[in-house]
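Biologist: I am new to this structure and would like to learn how to read its features. Could you take me through them one at a time?

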Amino acid sequence: MANLPTAAALVLMILTSACEYQNEESLFGADSDCAEPVVFTTHIEPLVQANCAISGCHAAGGTQPTLTSYEQIKARAGDIHHMTQSLQMPPPSSGKSLSAEEIQLISCWIAQGAVKE
């Protein structure tokens, strides 16, 4: 049988470490392929408009969440990162896809602070 104080200490250590503050860089890692600044209006907005914020997908009146403004996209940056890295978005059934370079742009944009301009 496990030593109860040791088990309690282990649980406390796990809970404490799970609650530490995480910034985008610590969550997604500083990316060595991010030599150039990536900005929303130049790099990310065109990708979202062409592949996400289209009729039947993440445009107004389509699938939630709506991704038509900088604020909406920045608020979902973590989800967008996860879904594009795992190749779940855009869904294969949409006929749309992102290149490895486009997925990397999204990752860099988030790692650099998700700046607008």
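Biologist: Into which classes do the residues of the lining of the largest cavity divide?

Modeller: They divide into four nonpolar, three polar and one charged. Here Ala, Val, Leu, Ile, Met, Phe, Trp, Tyr, Cys and Pro count as nonpolar, Asp, Glu, Lys and Arg as charged, and the others, Gly among them, as polar. This is a predicted model, where local features need pLDDT of at least 70 and side-chain atom pairs count only at pLDDT 80 or more, while totals for chains, interfaces and linings use all residues. Residues are numbered from 1 along each chain as its sequence is written, and side-chain values use heavy atoms, with hydrogens and water left out.

Biologist: Which residues line the largest cavity?

Modeller: First the idea: on a 1 Å grid over the protein atoms alone, a cavity is a set of points where a 1.4 Å probe fits but cannot get out, whereas a pocket is an open set with protein on both sides within 12 Å along at least five of seven lines; lining residues have an atom within 4 Å of a point. In this model, the lining of the largest cavity is made of Phe40, Glu45, Val48, Gln49, Leu67, Thr68, Ser69 and Ile73. Helix H3 (residues 40-51) gives the largest share, four residues. Helices are DSSP runs (H or I, at least four residues), as are strands (E, at least two), numbered from the N terminus.

Biologist: What is the volume of that cavity?

Modeller: About 40 Å³, where a volume is the space filled by probe spheres set on the grid points, which are joined across faces, edges and corners. The search of the whole structure finds one cavity of 30 Å³ or more.

Biologist: And how much space lies in the largest pocket?

Modeller: About 230 Å³. It is lined by 13 residues, and His58, Leu67, Ile80, Met83 and Met89 lie nearest its centre. By class, this lining has nine nonpolar, two polar and two charged residues. Its largest share, four residues, comes from H5.

Biologist: How many aromatic pairs are there?

Modeller: A pair of aromatic rings is described by the distance of the centres and the angle of the planes. Rings of Phe, Tyr and Trp (its six-membered ring) pair if their centres lie within 6.5 Å; planes under 30 degrees apart count as stacked, over 60 as edge-to-face and the rest as tilted. The count here comes to two aromatic pairs. Phe40 and Tyr70 have ring centres 5.0 Å apart and planes at 70°, so they are edge-to-face. This pair links distant parts of the chain, with Phe40 in helix H3 and Tyr70 in helix H4 (residues 70-75), 30 residues apart. For Phe40 and Trp109 the centres are 5.9 Å apart and the planes at 40°, so this pair is tilted. Trp109 sits in helix H6 (residues 100-111), 69 residues from Phe40. Phe40, Tyr70 and Trp109 form one aromatic cluster.

Biologist: Are Phe40 and Trp109 buried or exposed?

Modeller: Both are buried, which means under 20% relative accessible area, with exposed over 50% and partly exposed in between (1.4 Å probe, protein chains only).

Biologist: Which residues have the most contacts inside the largest nonpolar core?

Modeller: A nonpolar core is a set of buried Ala, Val, Leu, Ile, Met, Phe, Trp, Tyr and Cys residues joined through side-chain atoms within 4.5 Å. The largest has 19 residues, and Phe40, Ile44, Val48, Ile73, Ile106 and Trp109 have the most contacts inside it. H6 gives the most to this core, with five residues.
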